[in-house]
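Biologist: Could you take me closely through one part of this model, a single sheet, and say how its strands are arranged and what packs on it?

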There are 2 protein chains.
Amino acid sequence: MYLKVQRDVSELRYLFNPDSIAVVGVSQNPSKIGSVIYQRLMKNKTQGILKAEIYPVNPNIKSINGVKVYSSISDIPDDVDLVVIAIPAAAVPDVVREAGENRAKVAVIISGGFAESGRIDLDEQLRKAIHDTGIRVVGPNTIGVSDPYSGVDTFFLPRFKQLSNGKYAESLPEISPGNIAVISQSGALSEVIMDCLKVSGIGVRAIVCVGNQVDLTVEDFLEYFSNDPLTEVIAIYLEGVKDGRKFLNALIQASINKKVVILKAGKTEVAGRTAYTHTASMVGSIEVYRGAFKQAGVIEVEDMEEMVDVVKALSMMKIARGNKLFVLTNAGGLAVLSSDLAPRYGLTIPNIPEELMKKLEELKNKKIIDPIVFLQNPLDLTAQGTCQTFEEVFRVVASSGYYDLYLLMPSHQPPSVDDTVIDRLFKVYREYDCSVVVCEHGESEWSKYIRERFDQLGIPSYPDVRRALRALSALATYRKPRNKIFEKTRETNRITWLHDLEEGPLSFEDAVKILNNYGLETPKTLRVLNEEELQYVVEELSFPLVMKIYSTKISHKSDIGGVIVGLKTQNDLIEAYKMLKKKVEDLKIEWEGVQIQQMVKGVELILGSSYDAVFGPTVTFGIGGIFTEVLRDFSVRIAPIDSNDALEMINELKMKKVLKGFRDLQPVNIEKLAEIISKFSKILWENPSIKQLEINPLIASGDRFTAVDIRGIISKNR
Amino acid sequence: MYLKVQRDVSELRYLFNPDSIAVVGVSQNPSKIGSVIYQRLMKNKTQGILKAEIYPVNPNIKSINGVKVYSSISDIPDDVDLVVIAIPAAAVPDVVREAGENRAKVAVIISGGFAESGRIDLDEQLRKAIHDTGIRVVGPNTIGVSDPYSGVDTFFLPRFKQLSNGKYAESLPEISPGNIAVISQSGALSEVIMDCLKVSGIGVRAIVCVGNQVDLTVEDFLEYFSNDPLTEVIAIYLEGVKDGRKFLNALIQASINKKVVILKAGKTEVAGRTAYTHTASMVGSIEVYRGAFKQAGVIEVEDMEEMVDVVKALSMMKIARGNKLFVLTNAGGLAVLSSDLAPRYGLTIPNIPEELMKKLEELKNKKIIDPIVFLQNPLDLTAQGTCQTFEEVFRVVASSGYYDLYLLMPSHQPPSVDDTVIDRLFKVYREYDCSVVVCEHGESEWSKYIRERFDQLGIPSYPDVRRALRALSALATYRKPRNKIFEKTRETNRITWLHDLEEGPLSFEDAVKILNNYGLETPKTLRVLNEEELQYVVEELSFPLVMKIYSTKISHKSDIGGVIVGLKTQNDLIEAYKMLKKKVEDLKIEWEGVQIQQMVKGVELILGSSYDAVFGPTVTFGIGGIFTEVLRDFSVRIAPIDSNDALEMINELKMKKVLKGFRDLQPVNIEKLAEIISKFSKILWENPSIKQLEINPLIASGDRFTAVDIRGIISKNR
């Protein structure tokens, strides 16, 4: 296996803007893939879109349609920037080597039949050719690249296909130039994205299918597009990456420069790690990816429709300052539906402030707003609302600057509204440069016309109120990540004595020392090995107390009844001791004594850290004691994180309300909690031999955080 | 206010199939609403769709286009079945009275300007005319009815409108006949539904907008369509009903005969009731509606798109036996996405069973399935899959009968698949009569053609995998309600001594007596008024004990520290007593003693009942103690319910897993719990003077259920 050399991606300019292209695998048969690609490139050249020279290559034919065919890349008189290869897999490595040796910069390998078909040998040969010559490769096993700006297009699927009734129907629409770069790990889905974007009236910067990623990966294209002036939004269909940390760093950079939207597939994938802690057993691969997405500030979408809707909004409309939405319509039902659905998308629909209300009442007095209209947000102008009403109301509201976002739903059905409403609303949008989305339900000619016109004017339109709200939500929540990159050094607090420890579960005492080393407090804990020692307990701790079995063999003591709470007297202590001792005897495990701590009351939290195969050390935080697991109410980040990230983790949780003081529980000091999470997150990062570490429960009350139980595991090789 | 007389809805046949129609409010001006409706009816008559005689009415004109105009309804020589009224509101009540007196059966009042504009007087006059004559009325303030079978159509909105570029565009598509009845409380949304159904290739039985519901309500139309042979699915856009119990009974009947889908608007509406119990404070109006929907077995949808998608599936495809889904595609990305999304829609994608696997391997040996295909579910045939592969694989899988549902996604992009795949798949579908949904992504001509053809063949198709799965979910989950209707009598266990109680909070002792009366056990509870009595406690109860303030004034004792747990000795008891006594003194409330119970360990539940303004008594069940409220993890039903309903309530909860034995908690006897919920649900129903009642917490462990605290409130007038 040849290790990939870390190289910069600047040579990708030869992929998107080559001066010359060789197509290896043209054929006399026009339906062969090589021929389809060649014809497509020639067509783009004829139309003046593609400027590059094009050289067909096939050792077995002399010419095609009167154009000379070259027998090999070496045979081409000029330098070739880009080589497109569509020949049987077995012949590919040599062609790649030849291309590299002839100073070609990039190859797109359409051919399949490598590792994905079990041909590891061909894969190896290909990697060697890449390694030896330094050529960059897209694929193999890909439909390649389509760039409507330069005309580079290797998508070989038929644009038109014949139906069985003899007619031809468009099968794959042409993409138009736009500002969305699409990176996909699925060929089929990139065509779907392309098709859906087209129908939504939006163009693309380029579409790239990465195929087997033998050289160029999602991370590389992410890096390239994040520095590409034609790109505004990067849309990724992601199945998985190999180097999580490289990916996360690329993602953060891309998110700083552009807006990134990801559809992550493979959510049901089962995490393969051995679970010593609850954290490690409950956190799956998708939760770790989600943590990374949140750290980078990118938007994760759940399906194709959402991908296209969100990408459309981000590519056309400016990001909003906040989530305060004003809804303007002439259809009462849509007003009600938007109120119902807005909270689900994190949008608020605040009441009209007094000053603005006065201005709207003036419009009512002037009969611009009908007298029957009830002035509120959402504002239903009723079927009496005219195009003028829409314009003037929108202007008055937009000029107030009170709202962050606008949802405009001028239903065309009432006779009083016609298509002049489009230009009227657009005028106000331009005057105030606000964040606006239009919803026009229905699929009549009229509805489609209205949506198309708004799209052309740069106001994204949607055929459904929920979809419009989801798009608004993306505009409301998209935030650039705080400029940052992971620390390169792990040396700060690294604990030197860890290498003396044996592999296996951490002892409680060692776990305590590790936490203390990172400035995390632990509760005073007495370990008692025989009954006589119990009399000294009261000198150190005061009632009520809790007693638990001390064992390096049992991980979850409370599950086996190894914890007794609420001990209030010396007598309680002695009885509890006897019970636990008997339990240990019954279980036939070694007697290592009991631990005694003061009982604390508060909110039960869980704070854990484990090692992910793709992303390395991660940190997990949850609320709710035993319910954390059942409800899956926890958040995950790639370690290490700072307090701001930790605050975001806390705010993500469904149960966060209990931290603010619920019933008889004290409100928790959130800032201090965030600091604790941040400190804790550094432990695994800086000490690779700790594989899993967990405080469970961590009981919080006001400023007090008590690590009631700590468990962890040491493993020397990762 | 005239009370509505309870009448059957059989006269609605004159609305949908009249022999004669009078249109009151025709005009020389063709764009007036009355004229538009008249012209539309005449057109339907000319085309032979509408069979009825049509009589234009206007006292001020003699003829219209050479047709005689009648001066009044009395002036018409024949009986009139249906009267459509589009004149100013003030004149409406007299016309309705005249129509009723002339034996007209139904009137559709298009005119607005009644209660919705504050004209209560006109509303009253209208009700009186209805009451006096017995005529049935749709509206007022509605766009009325559109029935593509009989041609009755009062939708007066323009079918075509002129764009500012001079061209005419279709603004409201014609509906075609189908089996979906639409009942809507919003005019605008019924047009949207109509438009979207049209574009999805499905027709409707009829669309009805109920307007102000001065006579005929949503419940009436529900009843009518549930006995209508042309109707298969009933789709309702619901803002709210007045008589919840009548609605629920109509819903149950409709759900037994047909399939019902509801979009409930107004979810954010705040519940107005006074909350003495936690139950009453956390259950809002939407939760009560949702409980009713579940009791009736109807499907609730969240937005328009879902409404149309689900209705389409239910109207075209048979209900599935279960939720086991087989996914067949040639696009790997779609296979992955369907796996990811299926669990969200309650669908499972089980592995291929051994016997079926053998048959698929035979297909592989015969080269019908390509050798590179990995046999699993979802099954990705890859771009090598042909139309024949699709057919033969579908046949082999369908013939096994192992799966309940099929999602077919033959992506058209690979050259090997053309439109003959449609007939091939249809053939297998017909052979095995299974539940099938097709997904074809994209908006190219080809994609649209494929979807249209599948729709025409009766296999519902969707342009998005998530939407297809959601439709499959409706087919998997739709279940007829168990045939039932609410008891008419409340006399079974009614507690006679309740009328002796004063209004206000229930005492603990009375609450205990109420529960016992319904066969619900309560824990032994001692009430102690002075310290001396504490010495007798051990004779009745054994340690550990819990002590709480007894007070008819404080509702939530634990919130104020009025509960002390874990008392293990006589000394503990005395100390706790002193503390609570001091607390009561500090709070300056009357001393009513303390209660002492044995401590129990188990899962904390909450069981409550409260009175809803629309639906009357309801029952609420939740898991998780204090977290129930934060997580809103509870289920609601309209009381009374049986044990089967109660089991459904339990199964709905996110935290139900903890009932099955979680960590150190005992598994709870679910059947016994369901019985308890059912018994409890009868209390408010049979005893109207109990307004709220709550057991919180109800601690469950195995077969033991301990009502640790009970509170309730008595109110004589409802």
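Modeller: Two strands are taken to pair if DSSP finds at least two bridges between them. With that criterion in hand, and bearing in mind that this is a predicted model, we can begin with strand β5 of chain A, residues 82-85, and strand β6 of chain A, residues 106-109, which pair in the parallel sense over four bridges. Within this pairing, A:Val83 has A:Ala107 of β6(A) as its bridge partner.

These two strands belong to an open sheet of five strands in chain A, whose order is β2-β1-β5-β6-β7 and whose pairing is parallel. At the edges of the sheet stand β2 (53-57) and β7 (136-138) of chain A, and because each has a single partner strand, one side of each is left without a neighbour in the sheet. Direction ignored, neighbouring strands of this sheet are turned against each other by 20 degrees on average. Helix α2 of chain A, covering residues 33-46, packs on the sheet and touches β1 (20-24), β2 and β5 of chain A, while the direction of this helix makes about 155 degrees with that of β1(A).

As for the setting of this sheet, chain A has 22 helices and 31 strands, and its C-alpha trace spans about 100 × 80 × 45 Å along the principal axes. Of the 718 residues of chain A, 53% count as buried, and among the contacts in the chain between residues at least 6 apart in sequence, 72% join residues at least 24 apart.

Conventions. Residues numbered from 1 in each chain as written. Chains lettered and ligands numbered in written order. Predicted model: local features only at pLDDT ≥ 70, side-chain atom pairs only at ≥ 80, totals over all residues. Buried ≥ 20, exposed ≤ 12 C-beta atoms within 10 Å, placed from the backbone. Contact = placed C-beta atoms within 7 Å. Axes fitted to C-alpha atoms, helices over the stretch in contact; angles between N-to-C directions.
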